[in-house]
Amino acid sequence: AARVQAQAPPQAGWNRDEGNYRSFVGSDAESKGNYAAKIRQKFGSLADEALKLFPADSGQEMRNSAGLLATADFTAFGTWKWLETHLATGGAPEFRFEFDDAPPGGEANDGTAVGVFAYHSAEIEFVFGTLDSKQLPWRAEDYKLSELMQTYWTNFAKHGDPNGAGVAAWPKYEEKSGFQVMHLAANSHAESDKQRAQFEFLNRAKGPAKQ
């Protein structure tokens, strides 16, 4: 915020399911009423706006919204805020990603079934090309994604830009492009940030950053 950071390009992001929805709803029964109560407890006078941005009109929608909130609380909001601050005060391009691949079979560290969630740390073996260090029934698309991510990360380490020959274009994260996010999965692609309104709301709900 004080504009004294290194003016180097950041490449940053998070996994789709950094936080399990249970981290938000707790042990209460999965119901629209219990979810709304958690929202009101967390957001107070902003609860009605929160329920519009994080709806729960069905059980699956509730789990999705609760998962987004848990992910934001764990690491996504802080990363988003850092990127936004650097965007406002830095002079270097930014590249944002979301890792969406759910590793097949087995269990994550918290006991949830793997193959459903792109959980915290799920991307590590992909980045370093070490999928076989985990005894999981890896698919051809997992190895392909790992190769792609190794290329992106190596390009970025060499040049401050993940783009290069043989890989899909990774647009800069900036307003004029619609705040493009590279979604890393079997069918990796970039698209405009669909969660921006949610993060802008969370930014207001958390208040101004402490100096």
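Asp 17 is located in the loop that connects strand S1 to helix H1, where helices (H or I, at least four residues) and strands (E, at least two) are DSSP runs numbered from the N terminus. The model is a predicted one, in which local features need pLDDT of at least 70, side-chain atom pairs count only at pLDDT 80 or more, and totals for chains, interfaces and linings use all residues. Residues are numbered from 1 along each chain as its sequence is written, and side-chain values use heavy atoms, with hydrogens and water left out.

Asp 17 has a relative accessible area of 17% and is buried (under 20% relative accessible area, with exposed over 50% and partly exposed in between; 1.4 Å probe, protein chains only). Its side chain reaches the backbone nitrogen of Ala 118 at 2.7 Å. Neighbours within four places in sequence aside, Asp 17 is in contact (heavy atoms within 4.5 Å) with Thr 71, Val 116, Phe 117, Ala 118, Tyr 119 and His 120.

Tyr 35, Ala 36, Ile 39 and Phe 43 of H2 are buried. They cover an arc of only 100° around the axis and therefore lie on the same side of H2, the arc being that of the directions from the helix axis to the C-beta atoms. The buried residues of H2 pack against helices H1 (21–25), H3 (47–53), H4 (59–89) and H7 (196–206).

In strand S3 (residues 180–184), 5 of 5 residues are buried. S3 runs parallel to strand S2 (residues 95–99), to which 4 bridges join it; strands pair if DSSP finds at least two bridges between them. Glu 98 stands opposite His 183 of S3. Another 4 bridges join S3 to the antiparallel strand S4 (residues 189–192), where Ala 190 is the bridge partner of Met 182. A hairpin of 4 residues connects S3 to S4.

Methods: Polar contact = N/O pair within 3.5 Å; in protein donor to acceptor, adjacent residues only side chain to side chain.
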